[in-house]
Amino acid sequence: MEFRDLKRQYQKLKPQIDTAISKVLEDANFISGSQVAELEDALAEYAGRKYCMACGNGTDALTLALMALDVGKGDAVFVPDFTFFASGETPAFAGAVPVFVDVFEDTFNMDPASLEDAILAVKKAGKFVPKVIIAVDLFGQPAEYGRITEIAKKYGLFVLEDAAQGFGGNIRGKMACSFGDISCTSFFPAKPLGCYGDGGAVFTDNGEWAALIRSYQVHGKGENKYDNVQIGINSRLDTIQAAILLEKFQAFCKYELEAVNHAAEKYTKLLKDIVSVPVVKEGYYSSWAQYSILLENEKQRDRLQAYLKEKGIPSMVYYQKPMHLQKAFDGMECACVDLGATEKICKRVLALPIHPYMEENEIEMVAEAVRQKVLYRK
Ligand SMILES: *Cc1c(COP(=O)(O)O)cnc(C)c1O
């Protein structure tokens, strides 16, 4: 069994994808081919945004967004303590201090009360200026943008949505990648919408930021690539990846998103009386980048993972370490609120295999293995 079966997806989509790749090879328009703009238009429309800029990867997308927001030395950027490293790495890379915020145990997303505590603590200390909130749509579910946006307005902060795992999710029909002043996603192969290498995109409705990002991503270009008006980076999406994504996006909209939700519902039905299952809030829709359960403690989690491995079932611990305990942040003033929920989750969490091409009997087999281990073989 595969954790996320990209081989099965390719077998299903092979004719279209092979044709799309061949066309790029024949046209030899490897950089900035027309497929890139076509993809950007399709994604902007899907997310309900004015501008979409495709770029090299999700980490660059966050970096470009932070550059557009002019984040740097002296700024504080609020980031959930429970997320992939890049969410905290990029503000630190920009010269700001990432300040970590606790999350909810049931949705794994940023706790707005903890966010407000952290903003107040930073203001009180007076060393850094609160500037941006990076809210993460963890494991596919949008963060609580209603409350997060209120807090952002109250204290005059920008919201940057890290939807690397959240593309395709929504809150009452409003799509992921539409919640931030700027929103970012990733097309890393294992994300909900993945390409066959690295890729990412930035979304916004603000024309000024969109123009800045278009410039920053091509060496700070002015009139053209050889007219350079500011210091930028090199971060574009390859035409081949755009062509692949155009095909995969159709499958994503047509049936993949629905199929992965069906798989998650089935897991929840089979597991909810045995372990803590992930909660999708009323009115929220997840794109299920991960299906993560919580065990009672670290020992039970590790034993279950070993047992699943014996049975040929892959599982992953996302994430093993709270952000504030990562060595890379040593010496930065990253933690000013209680981060106890994250610390507990890291010891108890386990992600089970999930993807749109999973068969009913595979889900049943995984659930049965969890049941066996948790109920009968403590
Ligand atoms: C994957 C991921 C990123 C980074 O995306 P890459 O394309 O791998 O650079 C950023 N944030 C989160 C939450 C992610 O899961």
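The protein chain of this predicted model is divided into domain 1 (6-247) and domain 2 (255-376), with bounds that come from an automatic or database domain assignment. The centres of domain 1 and domain 2, taken over C-alpha atoms, are separated by 24 Å. Across the boundary, 51 residues of domain 1 are in contact with 45 residues of domain 2, where contact means heavy atoms within 4.5 Å. Local features need pLDDT of at least 70 and side-chain atom pairs count only at pLDDT 80 or more, whereas totals for chains, interfaces and linings use all residues. Residues are numbered from 1 along each chain as its sequence is written, and side-chain values use heavy atoms, with hydrogens and water left out.

The largest nonpolar core holds 90 residues, of which F78, F82, L271, Y291, I293 and L352 touch the most other members. Because domain 1 and domain 2 both give residues to this core, it lies between them. A nonpolar core is here a set of buried Ala, Val, Leu, Ile, Met, Phe, Trp, Tyr and Cys residues joined through side-chain atoms within 4.5 Å; buried means under 20% relative accessible area, exposed over 50%, and partly exposed in between, with a 1.4 Å probe and protein chains only. In soluble globular proteins, nonpolar side chains tend to be buried together. With residues up to four places away in sequence not counted, L271 touches V277, Y291, I293, L352, A367 and V370.

The ligand is surrounded by 14 residues, the closest being G58, T59, D162, S186 and K191; a residue is near a molecule or strand if one of its heavy atoms lies within 4 Å of it. Polar contacts are pairs of N or O atoms within 3.5 Å; within protein, one atom must be able to donate a hydrogen and the other to accept it, and residues adjacent in sequence count only if both atoms are side-chain atoms. A nitrogen atom of the ligand lies 2.7 Å from a polar side-chain atom of D162. For S186, an N or O atom in the side chain is 2.7 Å from an oxygen atom of the ligand, and a polar side-chain atom of K191 lies 2.6 Å from an oxygen atom of the ligand. Of the 380 Å² of accessible area that the ligand has on its own, the protein covers 93%. Accessible areas come from the Shrake-Rupley method with a 1.4 Å probe; for residues, only the protein chains shown count as cover.

Helices (H or I, at least four residues) and strands (E, at least two) are DSSP runs, numbered from the N terminus. In helix α4 (residues 86-93), the buried residues are A86, S87, G88, T90 and P91. These buried residues of α4 pack against α3 (58-68), β2 (75-80), β3 (97-101), β4 (129-136) and β5 (158-162). Just after α4, G95 takes a positive phi of about 100 degrees.

Helix α10 has G340, A341, T342, I345, C346 and R348 as its buried residues, and they pack against β11, α9 and β12 (349-352). T342, found in helix α10, is buried, with a relative accessible area of 0%. With residues up to four places away in sequence not counted, T342 touches D81, F82, D102, V103 and P322. The C-alpha atoms of T342 and S186 are separated by 24 Å, the two residues being 156 residues apart along the chain.

Several loops show backbone features of note. Y318 and Y319 are joined by a cis peptide bond with omega of about 5 degrees, and Y319 lies in the loop between α9 (298-310) and α10 (340-348). A positive phi near 50 degrees, in a residue other than glycine, occurs at A28, in the loop between α1 (6-27) and α2 (34-47). A28 counts as partly exposed, at 46% relative accessibility. W288, also not a glycine, has a positive phi near 50 degrees and lies in the loop between β10 (284-285) and β11 (291-294); at 7% relative accessibility, W288 counts as buried. N29 is in the loop between α1 and α2 and touches V24, S34, Q35 and T239, not counting residues up to four places away in sequence. N29 and G200 are 171 residues apart in sequence and 19 Å apart in space, C-alpha to C-alpha.
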